[in-house]
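Trainee: I've got a new structure to get to grips with. Can you walk me through it?

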Amino acid sequence: MSKKIMIQGGKPLNGEINISGAKNAAVAIIPAAILVDGVCRLENIPNIVDVMVQLDIVKGMGAGVRFLDPTTVEIDATHIGTDDPPYELMRKLRASYYLMGALLSRYNKAEVAMPGGCNFGGVRPIDLHIKGFEALGAVTSIKEGGFVCVEAENGLEGKTIFLDVVSVGATMNIMLAATLAKGTTTIENAAKEPHIVDLANFLNAMGADICGAGTDVIKIHGVEKLHGGTYSIIPDQIEAGTYMAAVAATGGSLTLTNIIPKHLECISTKLIEMGADVEYTDDTVRVTRTGPLHKCNIKTLPYPGFPTDMQPQMAIPLCLADGASVITEGVWDSRFRYVDELRKMGADVHVDGKVAVFNGVPKLMGAPVTAYDLRAGAAMIIAGLAAHGETVISDTRHIERGYDDIVGKLQSVGAQIEYVEMPDEGEQA
Ligand code: EPZ
């Protein structure tokens, strides 16, 4: 027996959903609190597993962690230590690698378990992170048991680092390492995602001296120490995009509150091409789809291009569009494992390496499917909502890593979706 998500699909979504704080900002800002010799109060924290694991990791290292309300947490890293980080927790998520940059910055030493996280088929290297740390004067080694050790006996010295591949994680990790280094570090060809800017804004609010975040050149002028303070995390661009793709697939009209329009431009542009209407105010977006879905082509790219983390979700309306649509995955080696599950629902898709062609079909049919990873799991939910009949999704733990109460939020806008306990495949009921 295990927990699954059961959906009776074919119903339009109508209503309003409030968007939570950004997962990929929160999982970097929590380790960043290690740099602060004092108390950080973080607002708009999403209630998701990856955030709770990051908080358990810093707590396991001696930080004080106290929730003031469900979305506000205080972290006191005054007495945090480097010895004995909770390695098993670190293996649970890729973002634990941010502890390397944070611990290296504060203590000139870090030993971190090789990261876990979504495995959507390709490798997820950290060579650029290591290149950055070594450029700043650290010595790195891989220890038995899959631990990465980084150490800078004489402290870190600012340098110019060129990232030959645009990498969110490497950009954030080098920023963390450079914050308390001597001198100035320049990151060239830096990633520009909203969560990069959020991390820089958080660090600056605590007394760091970082400029250029959001452009491809970020300068970090090292400072002696950081002080405590309060910071509110940006809304989650991908959570919002996921609900925008959902209403495009099911039809209906959703208003999303607590969003930043600029972060959703690339997503709404594609939804308009597909035939949806999109209307923004300063902090809300309403997406309505009543007519037919039109085909369109998508290529995922680093921000401000179309986000790879929205690729599986956007495939669902394209499965139902008139004609053939092409999705090209421009960031990861492969990110189409979820297509096998869509075929069980009647989708007509052909995948060749980094390119998938979706030939629109009149409808999808509900089926038992598996969530292979976080965004593939979100795509399975959208497919179930759009399909006719019943869909049961297994391995929902992947979805809970990154979506705050997705079942409750969808129930509130008319979806017939619920958690159920069911026998696993081959198990007797
Ligand atoms: C972050 O992963 C996100 N995760 C991913 O979101 C997202 O898909 C990705 O950025 C791209 O936007 C978090 O923020 C926790 P990268 P990250 O380093 O940092 C290559 C989700 O669904 N690369 O930007 O691991 C890499 O192979 C997750 O929320 C190197 O070659 O991604 C890839 O092709 C899934 N060497 C490209 O860069 C390195 O050292 C982009 O990777 C690092 C990366």
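Mentor: A definition to begin with: contact means heavy atoms within 4.5 Å. This is a predicted model, where local features need pLDDT of at least 70, side-chain atom pairs count only at pLDDT 80 or more, and totals for chains, interfaces and linings use all residues. Residues are numbered from 1 along each chain as its sequence is written, and side-chain values use heavy atoms, with hydrogens and water left out.

Trainee: Fine. What does Ile-19 touch?

Mentor: Leaving out residues up to four places away in sequence, the partners of Ile-19 include Pro-235, Asp-236, Tyr-243, Leu-256, Thr-257 and Lys-409.

Trainee: And where does Ile-19 lie?

Mentor: In the loop between strand E2 (13–18) and helix H1 (23–32). Those labels are DSSP runs numbered from the N terminus: helices are H or I with at least four residues, strands are E with at least two.

Trainee: Is Ile-19 buried or exposed?

Mentor: Ile-19 counts as buried, because its relative accessibility is 0%. Buried means under 20% relative accessible area, exposed means over 50%, and partly exposed is in between, with a 1.4 Å probe and protein chains only.

Trainee: How far apart are Ile-19 and Pro-31?

Mentor: 23 Å in space, C-alpha to C-alpha, and 12 residues in sequence.

Trainee: Zooming out. How many helices and strands are there?

Mentor: The protein has 14 helices and 23 strands. Its radius of gyration is 22 Å, close to the 22 Å that the globule rule gives for 429 residues, so the protein is as compact as a globular protein of that length. That radius is taken over C-alpha atoms, and the rule is 2.2 Å times the number of residues to the power 0.38.

Trainee: What does the C-alpha trace span?

Mentor: About 65 × 45 × 40 Å along the principal axes. Of the 429 residues, 57% count as buried. Among contacts with a separation of 6 or more, 72% come from residues 24 or more positions apart.

Trainee: Back to strands. Which strands does E14 pair with?

Mentor: E2 joins E14 in parallel through six bridges. E16 joins E14 through six bridges too, but antiparallel. Two strands pair if DSSP finds at least two bridges between them.

Trainee: What about E8? How many of its residues are buried?

Mentor: Four of the five in strand E8 (residues 147–151), so the strand is largely enclosed by the rest of the structure. E6 (residues 109–113) runs antiparallel to E8 with five bridges, and Ala-110 is opposite Val-150. E7 (residues 139–143) also pairs with E8 in the antiparallel sense over five bridges. There, Val-139 sits opposite Glu-151.

Trainee: What sits between E7 and E8?

Mentor: Three residues, in a hairpin where Gly-145 takes a positive phi near 90°.

Trainee: Helix H5 next. Which of its residues are buried?

Mentor: In H5 (residues 127–135), they are Leu-128, His-129, Ile-130, Gly-132 and Phe-133. Their cover includes helix H4 (98–107), E7, E8, strand E9 (160–162) and helix H6 (168–178). Gly-137 follows H5, with a positive phi near 110°.

Trainee: Last one. Is Thr-290 buried or exposed?

Mentor: Exposed, with a relative accessible area of 72%. Thr-290 is in the loop between strand E16 (284–289) and E17.
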